[in-house]
Amino acid sequence: MASNIDVQEEREGDVLIMIPVGRIDSSNAPIFERLVKDRIDDGETKIVVDFTKLSFISSSGMRVLLIGAKNIQSNQGKLVLCSMRDSIREIFSISGFDTIIPVVQDRIAAIDLPLTG
């Protein structure tokens with residue numbers, strides 16, 4: 001049975017900021033995937049995922065971000081990740097995901113990053 005996930009949303013101009021709370025793992029990754037896909041299907045082309053309130057992400061959650069990044073790129077947009085805990089950032093670095101999806105220090109850097117193309 002899937003457990004729920006709380007994803008807060010904020011907006012900075014034309015940038016949608018998604019803030020997942022707690023954990024993203026195999027039990028709730030499908031729900032998170034649906035949220036990300038729905039936002040992209042709604043026409044969002046600039047999405048920042050802020051990890052400030054995220055304590056853990058499994059490979060299932062990382063897969064969701066990879067799929068979201070590829071989907072948004074096909075719409076000439078970009079998905080950017082920010083504010084990761086060191087332990088999560090290390091996983092993204094070791095796996096090479098940070099070479100596929102931009103990972104920046106904080107929300108300000110993410111918003112300032114050119115998000116198109």
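Which residues have the most contacts inside the largest nonpolar core? They are Phe-51, Ile-57, Leu-65, Leu-79, Leu-81 and Phe-92, in a core of 27 residues. This is a predicted model, in which local features need pLDDT of at least 70 and side-chain atom pairs count only at pLDDT 80 or more, while totals for chains, interfaces and linings use all residues. Residues are numbered from 1 along each chain as its sequence is written, and side-chain values use heavy atoms, with hydrogens and water left out.

**Nonpolar cores**

- A nonpolar core is a set of buried Ala, Val, Leu, Ile, Met, Phe, Trp, Tyr and Cys residues joined through side-chain atoms within 4.5 Å; buried means under 20% relative accessible area, exposed over 50%, and partly exposed in between (1.4 Å probe, protein chains only).
- Ile-57 is in contact (heavy atoms within 4.5 Å) with Ile-24, Phe-51, Met-62, Leu-65, Ile-88 and Phe-92, leaving aside its neighbours within four places in sequence.
- A second, separate core has eight residues, including Ile-17, Ile-19, Val-104 and Ala-110.

- Strands pair if DSSP finds at least two bridges between them; β2 (residues 15-24) runs parallel to β3 and is joined to it by three bridges, with Ile-17 opposite Val-48.
- From β2 the chain crosses through helix α1 (residues 29-41) to β3, in a right-handed β-α-β crossover, that is, clockwise from the first strand over the helix to the second with the strands pointing away from the viewer.
- Five bridges join β3 to the parallel strand β5 (residues 78-82), and Asp-50 stands opposite Cys-82.

**Aromatic rings**

- The whole structure holds two aromatic pairs; rings of Phe, Tyr and Trp (its six-membered ring) pair if their centres lie within 6.5 Å, and planes under 30 degrees apart count as stacked, over 60 as edge-to-face and the rest as tilted.
- Phe-51 and Phe-92 pair edge-to-face, at 5.9 Å centre to centre and 90° between the planes.
- Phe-51 lies in the loop between β3 and β4 and Phe-92 in helix α3, so their pair ties together parts that are 41 residues apart in sequence.
- Ring pairs link Phe-51, Phe-92 and Phe-97 into a cluster.

Definitions and conventions:
Helices (H or I, at least four residues) and strands (E, at least two) are DSSP runs, numbered from the N terminus.
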